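Dear colleague,

I am passing on the structure below for your work.

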Amino acid sequence: MAASGFSPRVFTAFPTRIFNENARILMFSGDNYVEWKEKVLLALGCSDLDLVLWVEEPPILTELSTLENKANYERWERYNRLSLMLIKSHISQSIRGSIPNSDKVKAYMKAIDEQFVSSDKVLASTLIKRLSSMTFDKSRTLREHIMEMRDIDTKFKSLEVDMSEPFLVHFILNSLPAEYGQFKISYNTHKDK
């Protein structure tokens, strides 16, 4: 390990996978904080850019700095800059100005955390909105659609909001297109014993 506490083998080459992961990051609009942060951290992690979040900044260079120290510092600076660019490019312009600016990704993420960590009530409201607006559009299988809705139900349970099974089933049925009408009628007219 280098004197700065920064391993020289950690930052060896710029990972090109960041561009592939970049395409999958949601645009942060203020009400999708948890999902957005998860995607950003995944993209940064897949490309090793997240090390600037976990590894302290190397000491500022001086005339006595070794070539290894200079290389580590330059890599850290580059990864910090790239991480900031990636994060800022996935934040809606309408809210970007409300986030205190920083030239360090760690401080910038902390400012976002402080401003947008939502309360359980806000998260529950967002989940209800998402669940009630979901429709099956055949871009994936029906099973995947239902599993996503069940995942939202699991998130409700983690918030200690208990949605009864029939309630979830009605949300699922209402998300299906007209071609599933006979199935809906059959379910609705079936008497429970």
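A nonpolar core is here a set of buried Ala, Val, Leu, Ile, Met, Phe, Trp, Tyr and Cys residues joined through side-chain atoms within 4.5 Å. Buried stands for under 20% relative accessible area, exposed for over 50%, and partly exposed for what lies in between (1.4 Å probe, protein chains only).

Please note that this is a predicted model, in which local features need pLDDT of at least 70 and side-chain atom pairs count only at pLDDT 80 or more, while totals for chains, interfaces and linings use all residues. Residues are numbered from 1 along each chain as its sequence is written, and side-chain values use heavy atoms, with hydrogens and water left out.

Overall composition

The protein has 10 helices and 0 strands, where helices (H or I, at least four residues) and strands (E, at least two) are DSSP runs numbered from the N terminus. Of its 193 residues, 34% are buried. Among the contacts with a separation of 6 or more, 56% join residues 24 or more positions apart; contact means heavy atoms within 4.5 Å.

The nonpolar cores

The largest nonpolar core comprises 25 residues, and F28, W36, I87, I91 and I112 have the most contacts inside it. At least two residues of this core come from each of α2 (33-46), α3 (51-54), α4 (67-89) and α6 (105-116). Leaving aside residues up to four places away in sequence, F28 touches Y33, W36, H90, I91, S92, I95, I112 and F116. Another core, of 12 residues, lies apart from it and includes L127, F156, F171 and I172. As general background, nonpolar side chains in soluble globular proteins tend to be buried together.

Helix α6 also contains V105. V105 counts as buried because its relative accessible area is 1%. Its contacts, not counting residues up to four places away in sequence, are V52, L53, N80, S83, L84 and I87. V105 and R81 are separated by 24 residues in sequence and by 7.7 Å in space, C-alpha to C-alpha.

Two helix pairs

Two packed helices are described by the angle between their axes and the distance between the axes. The axes are lines fitted to C-alpha atoms, for helices over the stretch in contact, and the angles run from 0 to 180 degrees between N-to-C directions.

For α2 and α6, the axes come within 11 Å and cross at roughly 160°. The two helices are therefore roughly antiparallel to each other; angles under 35 degrees count as roughly parallel, over 145 as roughly antiparallel, 65 to 115 as roughly perpendicular and the rest as oblique. The crossing of α2 and α6 is left-handed, a term used if the near helix is turned anticlockwise from the far one by less than a right angle, with right-handed used if clockwise. On the α2 side, Y33, W36 and K37 meet M109, I112, D113 and F116 of α6. The residues of this contact comprise 5 nonpolar, no polar and 2 charged. In this classification Ala, Val, Leu, Ile, Met, Phe, Trp, Tyr, Cys and Pro count as nonpolar, Asp, Glu, Lys and Arg as charged, and the others, Gly among them, as polar.

For helix α9 (residues 165-174) and helix α10 (residues 181-189), the axes come within 10 Å and cross at roughly 160°. That makes α9 roughly antiparallel to α10. The crossing of α9 and α10 is left-handed. Here V169, H170 and L173 of α9 meet F183, K184, Y187 and N188 of α10. The residues of this contact divide into 4 nonpolar, 2 polar and 1 charged.

Individual residues

Helix α8 (142-158) holds both E148 and D153. E148 touches R130, M134 and R140, residues up to four places away in sequence not being counted. Between E148 and M134 there are 14 residues of sequence separation and 9.6 Å in space, C-alpha to C-alpha. D153 counts as buried because its relative accessibility is 2%. With residues up to four places away in sequence again not counted, D153 touches M163 and L168.

Two loop residues have a positive phi. With 37% relative accessibility, D48 counts as partly exposed. K138, found in the loop between α7 (120-133) and α8, is likewise a residue other than glycine and has a positive phi near 65°.

Yours sincerely
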